[in-house]
Amino acid sequence: MKKLILLVILLPFILFAQEKNVKPEIQIPTSVNEELRTTDYTSINEICMFIYSNGIGSHDPTTNSNGFYWPGGESASIPAVYSDGPMIGFKVNDSVRVYGAGYSSAFTPGALDNEGNPYPESHESMGIYKVRKNPGAVSDVDEREYMAYCEEHWPGQYGAPYVDNNNDGVFTVGVDDLDFLGDEMLYTVFNAANSTSTNSFLKCPAEKLEIQSTVFELSLSGILYGNVVFKNYCYINKSDKTFKDVYISYWMDTDLGNFNDDFVGCSPEHNAGYSYNGDNYDEDFYNSEPPAIAYSQIYGPMVPGNTDDVAITPKGDRMGYKNLPVTGFAFYYYGSSTYAQPDFGSYNGATQFYNNMQSKPISGSSYIDPNTSQPVILPLSGRPDENTGWFEGDGWPNGPEAGDRVMMISSGPFDMEPGDTQYVSYAIHINRGSDNINSVTTVLDNVEQILNRYGNGLTNVKDYAGETPESFSLEQNYPNPFNPTTSIRFSVPEAGNAKLNIYNSLGELVKSVVNKHLDAGNYESTVDMSDFASGMYIYRLTTNQYSSSKKMMLIK
């Protein structure tokens with residue numbers, strides 16, 4: 001069993017080493033709130049994954065090495081990722097800013113106040129909050145006590161998910177409840193307002209940017225849910241500046257067992273980057289079939305769209321907007337100038353990363369498909385398991401041998417005005433097939449199933465207690481009349497696509513509540529109508545076999 005280090009000292013920050021087989025040590029945040037941890041991990045299913053309070057993920061502070069293990073959960077010991085973390089790039093008055101968490105972090109633990117200023121170092125937002133739905137099942141007494149403390153002091157006022165029981169839009173201690181997105185959940189918040197951290201990362205000036213992070217796992221076993229962990233991020237511009245041409249990214253140094261025998265690829269149709277073994281042998285996986293790992297974007301940043309578009313956010317759907325897909329993919333391997341890592345610790349590296357976010361090499365030129373000699377937007381978007389397109393190995397004539405790989409997926413561009421908020425959600429999947437190539441098929445099939453279930457949001461519809469229904473049903477909303485939120489319950493007796501839409505008295509669609517694949521079950525969706533005028537509305541549940549409508553009254 002891994003032992004969690006609660007108080008750690010700041011380890012030396014070593015810039016990324018270009019020599020092959022050399023891994024830099026990771027910067028671990030110092031403890032500034034003695035009640036809260038600076039590092040923690042989730043391990044309720046087959047994945048054991050560490051996070052840090054400064055945004056760094058998948059790195060083990062007890063060994064300063066790989067920190068994403070699979071399979072086995074709490075007892076897992078085989079590494080799959082050395083480090084990963086969120087990144088963001090944008091321009092302020094044509095000057096590039098790039099912040100991120102990887103081998104070091106540009107972020108500082110803690111939230112920002114309403115003026116965008118950091119709170120004192122001992123503030124209650126400085127650390128990681130960890131909770132479980134069933135903490136009594138945890139055998140370690142100290143762990144149970146820590147989870148009880150976190151639940152009692154849940155930081156809903158600083159962005160942690162909560163259920164607004166009195167519908168006032170404000171987290172109230174003792175009234176509102178924490179919102180369990182999974183069976184185990186970790187929450188932390190960090191910012192880019194500390195110039196010491198931003199300068200050491202890529203020599204960028206600090207900006208009043210806050211990032212809220214929620215990590216969760218489901219305790220379900222099986223090939224799908226037992227091998228996935230979710231990460232939700234909320235980016236808030238708390239400055240008085242406009243962030244122009246913003247790209248939100250996720251960076252990962254994947255190491256599947258032995259890190260010197262890996263390939264990577266991009267799957268545009270899955271909004272994912274993935275890594276797999278270059279051959280069917282990896283001693284770290286006891287010479288059995290090596291797995292593949294994929295990072296998929298479940299929903300991306302929201303931008304204006306057509307009138308019939310619907311964007312998904314944790315706060316509800318937005319008509320007339322759309323979520324951006326993955327628009328950029330970058331990958332790095334040693335010994336290459338075109339596919340080299342950006343220069344960490346240098347402002348030149350900020351420009352290089354910003355080029356990567358736009359799906360360009362660090363030089364700012366174009367990626368060239370070696371099979372067609374033509375420029376491409378997303379490199380390595382062929383499929384090794386289907387032997388099509390440009391992929392590492394047989395799909396890259398005279399390409400590099402398998403080795404240590406790093407990659408990044410990005411989504412943009414868009415602008416963030418002062419006060420703007422953007423949400424992005426990711427799922428990290430790992431699984432194995434019958435061999436190293438078939439593992440790509442297996443893990444991307446898992447990605448597709450998760451996207452079918454959650455691609456329209458992770459929080460807008462939830463199961464409620466009850467046996468699997470025998471027939472379709474749509475219940476009357478409660479409360480009714482309501483202001484401004486109400487709950488709608490419905491049942492579907494078999495798996496399939498379901499839509500729950502709201503129309504005005506003229507029959508015009510005004511809100512899409514649910515539009516995705518649902519398993520058979522009983523569901524409840526909370527609807528927020530605060531942006532709409534008082535009056536009568538009609539809500540309709542539609543599946544391939546069923547359609548039913550009911551009226552509801554909004555009174556403000």
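Predicted model: local features only at pLDDT ≥ 70, side-chain atom pairs only at ≥ 80, totals over all residues.

Trainee: Is strand 12 buried or exposed?
Mentor: Eight of its eight residues, 184-191, are buried, so strand 12 is largely enclosed by the rest of the structure. Buried means under 20% relative accessible area with a 1.4 Å probe, protein chains only, and strands are DSSP runs of E, at least two residues, numbered from the N terminus.

Trainee: Which residues sit on each side of strand 12?
Mentor: Glu 184, Leu 186, Thr 188 and Phe 190 are on one side, with Met 185, Tyr 187, Val 189 and Asn 191 on the other. In a regular strand, side chains alternate between the two faces of the sheet.

Trainee: What does strand 12 pair with?
Mentor: Strand 8 pairs with strand 12 antiparallel over two bridges, strand 9 joins strand 12 by four antiparallel bridges, and strand 13 (residues 209-217) by eight, also antiparallel. Pairing requires at least two DSSP bridges between the strands.

Trainee: New topic: where does Lys 130 lie?
Mentor: Lys 130 lies in strand 9, and is buried, with a relative accessible area of 2%.

Trainee: What do its polar atoms meet?
Mentor: The Lys 130 side chain has a polar contact of 2.7 Å with the side chain of Glu 143, and one of its polar atoms lies 2.8 Å from the backbone oxygen of Tyr 41. A polar contact is a pair of N or O atoms within 3.5 Å; within protein, one must be able to donate a hydrogen and the other to accept it, and residues adjacent in sequence count only if both atoms are side-chain atoms.

Trainee: And Asp 113, where is that?
Mentor: Asp 113 is in the loop between strand 8 (108-109) and strand 9 (129-132). The Asp 113 side chain reaches the backbone nitrogen of Glu 115 at 2.9 Å.

Trainee: Last one: how many disulfides are there?
Mentor: Zero in the whole structure, counting cysteine sulfur pairs within 2.5 Å. Cys 234 is buried at 6% relative accessible area, and Cys 266 is buried at 1%.

Definitions and conventions:
Residues numbered from 1 in each chain as written. Heavy atoms only, no water. Buried < 20%, exposed > 50% of the residue type's maximum accessible area, 1.4 Å probe, protein only.
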